[in-house]
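Keep the structure open as you read.

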Number of protein chains: 2
Amino acid sequence: MGARFASHLSLVTAFLVCTQQFSQAQDKNLLQYVKPIIGTEKMGHTYPGATVPFGMVQLSPETDTIPYEMNGKYNPDVYKYCAGYQYTDKTITGFSHTHFSGTGHSDLGDFLIMPTTGKLYLNPGTATDPASGYRSTFSHSNETAEADYYKVKLDKYNITAELTATNRVGFHQYTFPDATDQAHIVLDLMAGIYNYGNKNVWTFVRVENDTLITGYRQTNGWARTRTVYFAMSFSKPFTQYGHQNYANDVYKGFWRKFDVTRNFPEMAGRQIRAWFDFKVAAGEKVKIKFALSPVSTEGALNNLRTEAPGWDFEKVKQDGQAMWVKELQKVNATLNSEDEMTNFYTAMYHAFLSPTTYMDADGSYRGLDQNNHKANGFTNYTTFSLWDTYRALHPLFNMIQPKRNADMVQSMIAHYEQSAQHMLPVWSHYANENWCMIGYHSVSVIADAIIKGNAPFDVNKALDACVTTARHRSYDGLGYYIDMGYVPEDRNGSSVSKTLEYAYDDWCIAQVAKKLGRQNIYEEFIKRSQNYRNVYDAASGYMRPRLYNGSFREAFDPLKTDNQGFIEGNAWNYSLYVPQYPAEMIALRGDKKSFSRHLDSLFTMHLPDEFFAETEDITRDGIIGNYVHGNEPSHHAAYLYNWTGEPWKTQERVRMILKKMYRPTSDGLGGNDDCGQMSAWYIFTSLGFYPVCPGSEQYILGSPAVKQATIQLENGKTFTVEAPGQSDKNVYVQKVTLNGQPVLSNSITHQDIMNGGRLVFQMGPKPKK
Amino acid sequence: MGARFASHLSLVTAFLVCTQQFSQAQDKNLLQYVKPIIGTEKMGHTYPGATVPFGMVQLSPETDTIPYEMNGKYNPDVYKYCAGYQYTDKTITGFSHTHFSGTGHSDLGDFLIMPTTGKLYLNPGTATDPASGYRSTFSHSNETAEADYYKVKLDKYNITAELTATNRVGFHQYTFPDATDQAHIVLDLMAGIYNYGNKNVWTFVRVENDTLITGYRQTNGWARTRTVYFAMSFSKPFTQYGHQNYANDVYKGFWRKFDVTRNFPEMAGRQIRAWFDFKVAAGEKVKIKFALSPVSTEGALNNLRTEAPGWDFEKVKQDGQAMWVKELQKVNATLNSEDEMTNFYTAMYHAFLSPTTYMDADGSYRGLDQNNHKANGFTNYTTFSLWDTYRALHPLFNMIQPKRNADMVQSMIAHYEQSAQHMLPVWSHYANENWCMIGYHSVSVIADAIIKGNAPFDVNKALDACVTTARHRSYDGLGYYIDMGYVPEDRNGSSVSKTLEYAYDDWCIAQVAKKLGRQNIYEEFIKRSQNYRNVYDAASGYMRPRLYNGSFREAFDPLKTDNQGFIEGNAWNYSLYVPQYPAEMIALRGDKKSFSRHLDSLFTMHLPDEFFAETEDITRDGIIGNYVHGNEPSHHAAYLYNWTGEPWKTQERVRMILKKMYRPTSDGLGGNDDCGQMSAWYIFTSLGFYPVCPGSEQYILGSPAVKQATIQLENGKTFTVEAPGQSDKNVYVQKVTLNGQPVLSNSITHQDIMNGGRLVFQMGPKPKK
């Protein structure tokens with residue numbers, strides 16, 4: 001008995017060890033496919049720094065702090081620095097704690113830290129003359145960017161900078177090369193992204209003791225009134241400190257009593273830069289833990305204590321990377337090449353950056369009403385780039401992050417409840433609505449969650465919020481839309497895009513109303529969902545701007561974007577946007593065949609430079625023909641062949657887009673990643689299906705780029721995609737089975753996935769017509 | 001039995017009715033002696049508006065909003081408007097919610113409300129051309145100012161404005177003369193006191209619904225970073241609303257989507273003015289309840305609901321006036337004339353305005369660390385003008401407001417705990433230290449409370465706070481003082497005043513240390529308390545600026561104030577300032593006789609105009625000879641004759657000062673009331689005794705101006721002062737008895753008062769030598 005028991009035990013142990021080793025190997029494997037550097041060049045607008053999944057802190061290098069204005073005029077270069085970092089730059093100005101991932105507008109860049117030695121500079125200096133300030137040259141050969149870990153050598157100082165983070169705490173580790181008593185840490189509160197003239201409303205720094213600093217930064221930028229609080233802890237005491245105030249408009253009063261510039265523990269003003277001096281030995285590491293809070297320095301301190309009590313940089317990094325592995329493992333995929341593996345897992349990484357956590361460890365967060373609230377029973381999130389992310393990112397979350405997605409919906413409902421406008425978020429960040437882009441696509445996200453059964457919240461309240469939002473007459477042409485069935489271009493610009501998107505959102509509301517048995521609402525909104533027809537011009541065959549008098553506007557070019565009734569898309573692209581009724585849209589335009597040919601030409605035509613120049617946010621790589629993948633309105637377009645009876649065209653198009661639009665290089669993204677929407681498109685499409693119409697249960701089939709993928713569902717089940725025969729050439733689906741049964745509809749449902757199962761695509765080199 | 005019982009009952013009833021009637025009559029009596037208009041002209045810097053005792057809201061008219069700068073230069077007129085109102089002005093710009101009482105520097109004036117009709121103006125216009133803006137002419141004949149009630153007719157609009165307040169809620173009542181749909185309420189967030197260029201850091205307004213507005217104002221003024229939150233409720237719905245933003249530097253972003261200027265519920269920026277339109281009938285009253293909070297709009301709303309749930313203006317006024325009667329009754333005094341009664345009870349009123357409540361109804365307040373805190377077991381106060389108020393106001397509170405005074409001490413200790421400088425307050429308001437004036441006189445207030453046995457707080461912690469404050473080497477010459485025994489004038493200005501005041505404060509610390517048995521601290525600070533000797537120049541007979549090299553500065557004029565080593569007092573006055581050791585100070589200068597003659601000349605000499613011009617904060621009325629009553633350093637001086645064996649000189653001097661320095665008129669105060677210090681001097685002196693050295697138990701006797709006064713103590717006992725024979729001519733004390741026993745020491749103790757009893761001054765027309 002004793003012997004057998006022992007033997008049994010060792011078998012178990014062997015099994016566990018084996019599993020563990022395999023798992024570790026696999027973990028390592030997945031992490032190595034995450035390359036945060038992807039998209040950091042040109043238009044990707046991603047950042048290379050350290051963060052955990054959906055983390056509040058994004059601790060990342062800034063390569064420049066370009067002013068919004070140059071000589072009193074808008075400086076177009078500012079746009080490159082939405083995420084603070086451009087791969088081709090030669091210098092780093094420092095490391096700041098908040099960054100958007102892939103946005104087409106910018107803000108943040110809070111609390112820039114720069115370690116220096118020798119003569120103290122408080123200004124960043126210029127890229128052409130880095131010796132004139134604190135910035136340092138660097139080279140990519142001395143740079144490492146991993147999930148939750150960033151390392152770079154600051155050549156000017158020979159300082160090795162390493163960054164990692166917990167959810168709410170950025171962890172810096174600076175290794176100084178030589179013994180000196182002139183080691184400085186600069187805390188630049190004037191630095192910031194898109195930091196035009198007076199973006200700072202107020203900044204405040206308190207030296208609590210010789211290792212602890214607290215404070216806040218309040219800005220008036222994309223977010224109209226945003227405040228971020230911090231607590232900064234040094235691993236060793238500074239020897240002295242001080243600051244300079246660069247603003248002229250600060251009342252000084254009786255503070256003149258003191259030399260407030262040196263060793264004076266309260267610093268405040270609109271434009272301040274602080275410094276802290278250290279005496280270091282050769283090779284000594286100075287570490288900084290920098291916690292953020294949306295509500296108070298007290299909250300930041302509590303976050304610091306809760307999440308990062310110790311000083312073990314390696315442990316924080318390992319814990320952070322373990323969090324990433326856990327998230328990446330939600331899809332265990334094998335693709336055709338290392339590059340594709342990298343694309344896939346970096347897409348997973350980018351998809352899991354936003355929305356970001358926006359509450360303290362104790363649940364406190366700042367609400368849209370500028371009061372502090374407690375999130376009861378949910379994690380409060382912010383950074384909702386909804387015009388982008390309703391399309392594929394939130395549907396992706398409903399599949400592999402349902403708990404988080406439900407919390408995101410609750411965050412949106414909290415936003416609604418705190419909104420003076422009584423509206424759900426449009427584009428919101430940091431307790432602010434910035435009103436960027438169009439539509440009211442929270443409605444789509446909420447509908448998608450409810451329709452897919454991922455709604456552990458008050459669904460009737462959620463529907464009420466959708467309805468109130470959709471009836472807000474003073475919002476962006478909506479009054480006209482309600483009264484006339486379309487937005488008249490001569491009363492409100494981008495009118496066609498708005499009409500089409502309102503109609504889709506209204507369909508979403510109708511679906512929820514139907515599910516909840518609220519017939520009146522259903523009828524009101526299903527009727528509104530037909531409004532796309534009101535901007536269809538049969539004469540031209542395009543959606544076209546219509547005027548208040550009912551006529552279509554004469555001036556019209558379907559290739560032009562500027563001032564044509566659209567936004568981030570021309571009539572060519574936008575005319576395809578009726579995701580709720582693809583078949584009806586096709587019928588409206590003629591027959592399936594002609595529509596199919598029309599769609600073909602989208603991918604094959606040439607968009608002249610004069611029109612491309614009007615297409616925002618993307619590089620020339622971001623388009624195929626006139627198909628603009630770098631912007632979102634056509635993200636579903638390649639899937640429309642499923643409604644023309646030619647799914648093989650979808651299959652070849654989507655594989656082409658995957659190849660052309662995503663590369664494992666710094667310039668590998670052809671347009672803004674848009675808080676993960678571009679990445680979510682990549683993930684769905686690689687898996688072989690796509691949510692053409694969020695708010696429905698259907699996923700439309702395409703052509704899997706994975707050979708095999710196992711989706712770990714939160715309900716404990718797994719859903720497997722297999723693609724026997726798949727290769728770069730074998731992009732055509734020959735046959736699809738779900739759990740052994742043929743799939744004839746070219747679609748599967750969300751429930752099919754949630755049930756767990758096995759989706760098999762038989763792949764071949766030729767279309768199966 | 002039944003009959004006898006009934007008869008007994010009716011006797012009781014009759015007695016009760018009688019008492020009540022008497023009490024009501026008396027209440028009415030006391031209220032009518034409160035004239036808030038006193039001190040509103042010239043240098044008094046009081047305000048005439050509505051407030052409850054120590055209330056958070058001071059709702060009062062502004063007669064001008066003078067800019068800090070005119071044509072880029074400091075505008076000296078701004079100083080007149082420390083309390084927002086100058087009696088000689090002909091126009092009112094509106095009614096704002098926060099005011100200092102009697103300060104010599106300024107801030108506040110938050111949330112100016114102005115009711116208007118007809119064409120909407122959002123700018124105040126000018127005093128010379130009131131038609132150019134919203135301001136209105138008014139006349140004093142149409143003006144009533146009572147405790148917690150202010151009424152004025154706005155002549156331009158024929159609107160009657162009435163104001164009252166609870167602790168945290170201002171209550172406006174505007175009676176519109178004619179039916180109109182053009183009745184406006186202007187909410188001017190650009191208005192403010194001492195409102196130089198960019199004082200506003202940020203302002204924010206949210207329209208919650210058609211009767212409720214919330215928001216905040218954040219300023220950078222005397223308080224470096226002050227935020228006041230509000231909730232404003234209208235008695236009827238507005239018909240429309242809007243705002244203008246006058247700042248150019250506000251990022252507008254995607255808010256361009258909306259017409260944010262009209263009926264858009266979120267307004268924000270540095271320079272905004274909002275308006276609300278009403279349709280009113282002839283004679284209709286529009287009422288506004290305006291609640292403040294130091295922490296949040298949520299806090300303001302809760303204050304509104306808690307303190308002012310209804311719309312009965314009269315009831316709020318009556319409740320507020322009842323609060324005043326309760327406080328005024330703490331001293332039931334009879335003086336020689338109606339004018340003196342008015343002076344006395346208006347002094348009581350002014351003494352009970354500051355410090356002000358600085359916490360929400362639920363105990364929440366903003367701390368000096370800019371975090372929100374809860375006051376546990378005490379009321380948190382702010383507005384500590386300590387250089388003034390340690391002298392007589394806090395001693396007065398220890399006598400008749402001991403509970404509040406102990407809470408004030410707890411507020412100071414909370415300030416200390418939240419202070420980045422680890423210092424007790426110097427001059428603090430609204431979660432800010434403004435560092436105005438000199439010394440660390442919190443120490444005196446704390447010592448006075450502990451020595452007098454009014455210390456229901458951790459006395460050892462309080463002493464630690466005092467010691468840490470007094471050892472703060474980088475504070476205002478204190479390092480030199482600690483090392484050298486004086487502040488060298490060539491290193492730190494106003495050095496003599498600082499040395500003298502530090503030495504007094506150190507004596508206070510020593511007294512507490514002695515009482516608590518902390519011998520080391522006692523020895524350290526009793527030694528420091530002797531430092532006054534180090535600035536005494538025997539050659540000139542004055543306290544005199546001393547240099548770093550140990551010598552006295554050559555340039556010296558004891559009548560000059562500017563740049564002479566003093567502040568708000570010349571060497572003549574300040575040389576008398578050794579309250580802790582009057583006898584030793586007199587001995588240092590020679591014998592009692594010569595000192596007495598010297599003191600005589602203080603009151604009889606003429607201060608030439610050139611020197612008077614240097615004396616801040618006072619009118620010519622504020623001095624008697626070279627005795628500057630309008631400033632504080634000599635407030636104890638008239639009592640010093642008690643140490644020269646000539647108390648009759650004290651008696652005649654103090655009666656003269658009472659007569660000359662206090663009159664029941666708008667220009668009746670010869671200098672700033674200084675948050676009640678001038679008034680506290682009046683009250684003590686009228687009662688016949690004065691705390692020459694706070695931190696000791698002694699009150700020094702003078703000459704009572706009351707005929708009789710009963711002090712209601714919080715311990716339930718009463719202390720009565722009687723002055724048989726007292727008249728304007730009979731100012732000389734012939735004999736004093738306490739509870740029938742002769743008082744031979746010319747002083748009584750705090751314990752004598754707390755025990756309850758009867759202090760009788762026999763008065764006569766001639767000095768009792």
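What pLDDT does chain A average? Chain A averages 93, and 94% of the residues score at least 70; pLDDT is the predictor's confidence in each residue, from 0 to 100. This is a predicted model, in which local features need pLDDT of at least 70, side-chain atom pairs count only at pLDDT 80 or more, and totals for chains, interfaces and linings use all residues. Residues are numbered from 1 along each chain as its sequence is written, while chains are lettered from A and ligands numbered from 1 in the order in which they are written. For the complex, the predictor gives an ipTM of 0.93 and a pTM of 0.94.

Now the domains. Chain A is assigned domain 1 (36-326) and domain 2 (328-677); such bounds come from an automatic or database domain assignment. Their centres, taken over C-alpha atoms, are separated by 34 Å. The contact takes 43 residues from domain 1 of chain A and 50 residues from domain 2 of chain A. On the domain 1 side, α2 (297-307) and α3 (313-328) of chain A each supply at least two residues. Helix α2(A) gives the most, with five residues. Helices (H or I, at least four residues) and strands (E, at least two) are DSSP runs, numbered from the N terminus.

The largest nonpolar core has 465 residues. Within this core, F230(A), I509(A), F230(B) and I509(B) have the most contacts. Both domain 1 (36-326) and domain 2 (328-677) of chain A give residues to this core, so it lies between them. A nonpolar core is a set of buried Ala, Val, Leu, Ile, Met, Phe, Trp, Tyr and Cys residues joined through C-beta atoms within 7 Å. A residue is buried if 20 or more other C-beta atoms lie within 10 Å of its own, exposed if 12 or fewer, and partly exposed in between; C-beta atoms are placed from the backbone. Look at I509(B): not counting residues up to four places away in sequence, it touches V443(B), A447(B), C466(B), V467(B), A470(B), I521(B) and F525(B).

Move to L187(B), in strand β12 (residues 180-188) of chain B. L187(B) counts as buried because it has 26 C-beta neighbours inside 10 Å. Beyond four places in sequence, L187(B) touches F111(B), I113(B) and A274(B). F276(B) is 89 residues from L187(B) in sequence, yet their C-alpha atoms are 8.1 Å apart in space.

Helix α4(A) is mostly covered, with 11 of its 14 residues buried. Among them are F344(A), Y345(A), M348(A) and Y349(A).

Finally, check the loops. In chain A, P355(A) sits between α4 and β21 (356-357). A cis peptide bond joins S354(A) and P355(A), with omega about -15°. Chain B has a cis bond between S354(B) and P355(B), with omega also about -15°. Y430(A) is not a glycine, although its phi is positive, about 55°. Y430(A) lies between β26 (427-428) and α8 (442-451) of chain A. D476(A), not a glycine either, has a positive phi of about 45°. Its loop runs between α9 (459-470) and α10 (478-484) of chain A.

Conventions: Two residues are in contact if their C-beta atoms, placed from the backbone, lie within 7 Å.
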